[in-house]
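Here is my note on the model, point by point. Please keep the structure open while you read.

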Amino acid sequence: MSSGTLKYILRRIAYMFPTLLGIIILTFVLFNGFGGDPALIKLGKHATPELMEEFDLVRGYDKPLIIGNWGTTRAYRTETFKEGLSVWGSMEGVSQKDGNLLLDKPGETRVPTGFSLHPAEYRWKIDWSLGGDKPAWLKVYGASNLIAELELVPGNSRGEVTFEIPKGIEPVITAIEVPDSGLEIRKLALGRKNRHFFDSQFFFYIRQLARFDFGVSHETNQRVSTMIKDGILPSLSLTVPMFIVGLLVSISLALICAFYRDTLIDRAFVLVSVVLMSVNYLVWIVLGQYILGYSLRIFPVWGYESARYLLLPCIIGVVSGLGANLRFYRTVMLDEMYRDYVRTAFAKGVSKSGVLFKHVLKNAMIPILTSVVMAIPFLYTGSILLETFFGIPGLGRMGINAINSSDFDVVKALVMIGGVIYLIASLLTDICYAMVDPRIKLK
């Protein structure tokens with residue numbers, strides 16, 4: 001490898017880092033920014049706050065999205081009361097007034113938290129409106145002792161009170177002392193202190209990726225990295241042979257079409273490719289399982305015990321993709337057949353087979369390589385339908401199960417790794433271009 005080529009590769013790798021960062025950010029935004037509440041989606045609306053809190057803690061969802069000193073806790077998540085009273089609805093002396101929470105029962109009213117707070121530093125934030133001349137109080141008790149309080153003065157105002165809960169102090173409750181004039185609360189929020197300003201969901205995700213840790217599957221309770229390691233071999237053992245055989249057969253048939261172009265053989269292959277493209281993928285799977293598996297009993301139709309179990313899905317994969325591949329490679333070959341260098345080769349007496357294999361195939365390698373190298377990322381993800389219908393424990397089957405069960409950690413890991421492999425494949429494409437075409441220089 002020349003120094004110029006090496007410099008080009010190193011420069012391309014350096015240029016990949018901004019793109020890699022973009023993939024990381026996009027993946028994070030899709031799953032953390034716009035995915036809704038993962039704990040609610042996964043566990044359901046009837047899950048207890050403590051169970052949802054545990055889900056958040058393991059995956060960092062209790063932290064702020066990008067940066068911030070304060071996160072959230074499932075002990076109390078209601079902030080405004082415009083859409084209803086939420087957890088306050090069944091309490092005595094509580095009602096809704098002009099989109100605010102109205103407490104009109106004098107004395108202490110306990111704030112309905114989902115569970116007792118764990119040892120940490122917390123903050124209550126409150127916006128209130130208070131008439132009369134007597135103040136109200138927001139008080140935090142731990143083991144029956146007052147550990148923090150905030151005076152709510154008459155008028156319209158807002159304030160906050162921070163408090164730390166050391167180990168061994170429980171239960172911890174919060175109560176609001178209401179005067180005779182009543183108290184209106186516009187907003188009430190509870191936050192938990194982060195370790196530092198950058199202790200957020202985004203940097204939690206970055207730290208995971210730096211350790212090649214993709215979290216824990218809530219469905220199987222396994223490390224996602226372990227699940228991917230276990231599933232990648234079954235996927236590749238199916239997709240790689242299927243891809244190689246399909247590629248060789250497609251290119252060979254495309255060369256035959258180019259050799260016999262505009263003849264009955266060429267037109268027959270075109271007709272076959274159209275028919276293959278017109279039949280749905282599922283039809284090939286059902287027909288293959290019923291005829292070759294169930295009726296003739298030539299192949300097993302379920303499991304992953306030996307190479308024999310991969311033969312039928314591999315054949316179905318090759319046949320179902322043959323039509324589109326043949327049309328593509330045939331077009332590439334015929335496009336080269338009408339170029340000037342082909343006419344020159346024929347004029348010099350080069351045989352038709354010599355033109356096809358020494359000139360046409362070589363010059364057609366650019367689009368072929370583009371198709372081949374950019375298909376590499378899809379080999380990693382496996383074949384969703386084939387793995388599902390044939391019981392192959394690969395990444396494709398794992399991915400579809402994760403989507404059906406809302407297993408966000410698994411889906412996010414598969415999307416992230418697929419994007420990185422696609423990025424690497426684009427670099428390999430440029431290198432392969434220079435290897436097969438001397439006109440292309442890596443510089």
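**Notes on the predicted model**

1. Phenylalanine 357 counts as exposed because its relative accessibility is 51%; the classes are buried under 20% relative accessible area, exposed over 50% and partly exposed in between, with a 1.4 Å probe and protein chains only. The residue lies in helix H10, residues 352-363.

2. Some ground rules. This is a predicted model, in which local features need pLDDT of at least 70 and side-chain atom pairs count only at pLDDT 80 or more, while totals for chains, interfaces and linings use all residues. Numbering runs from 1 along each chain as its sequence is written, and side-chain values use heavy atoms, without hydrogens and water.

3. Secondary structure next. The chain has 15 helices and ten strands. These are DSSP runs numbered from the N terminus: helices are H or I with at least four residues, strands are E with at least two.

4. Overall dimensions. The radius of gyration, taken over C-alpha atoms, is 32 Å for the chain, whereas a compact globule of 443 residues would have one near 22 Å. That globule rule is 2.2 Å times the number of residues to the power 0.38. Along the principal axes, the C-alpha atoms fill a box of roughly 110 × 60 × 40 Å. Buried residues account for 43% of the 443.

5. The largest nonpolar core has 33 residues. Such a core is a set of buried Ala, Val, Leu, Ile, Met, Phe, Trp, Tyr and Cys residues joined through side-chain atoms within 4.5 Å. Ile228, Met398, Val410 and Leu414 have the most contacts inside it. At least two core residues come from each of H1 (3-33), H3 (49-59), H4 (201-210), H5 (224-259), H14 (395-404) and H15 (408-436). H15 gives the largest share, ten residues.

6. Which residues does valine 410 touch, not counting those up to four places away in sequence? They are Ser217, Val224, Met227, Met398 and Ala402; contact means heavy atoms within 4.5 Å.

7. A separate core, apart from the largest one, has 32 residues. Trp88, Leu103, Tyr122 and Ile176 are among them.

8. Lysine 167 sits in the loop between strand S8 (155-165) and strand S9 (172-178). With 77% relative accessibility, lysine 167 counts as exposed. Its C-alpha atom and that of glutamine 201 are separated by 26 Å, at 34 residues apart along the chain.
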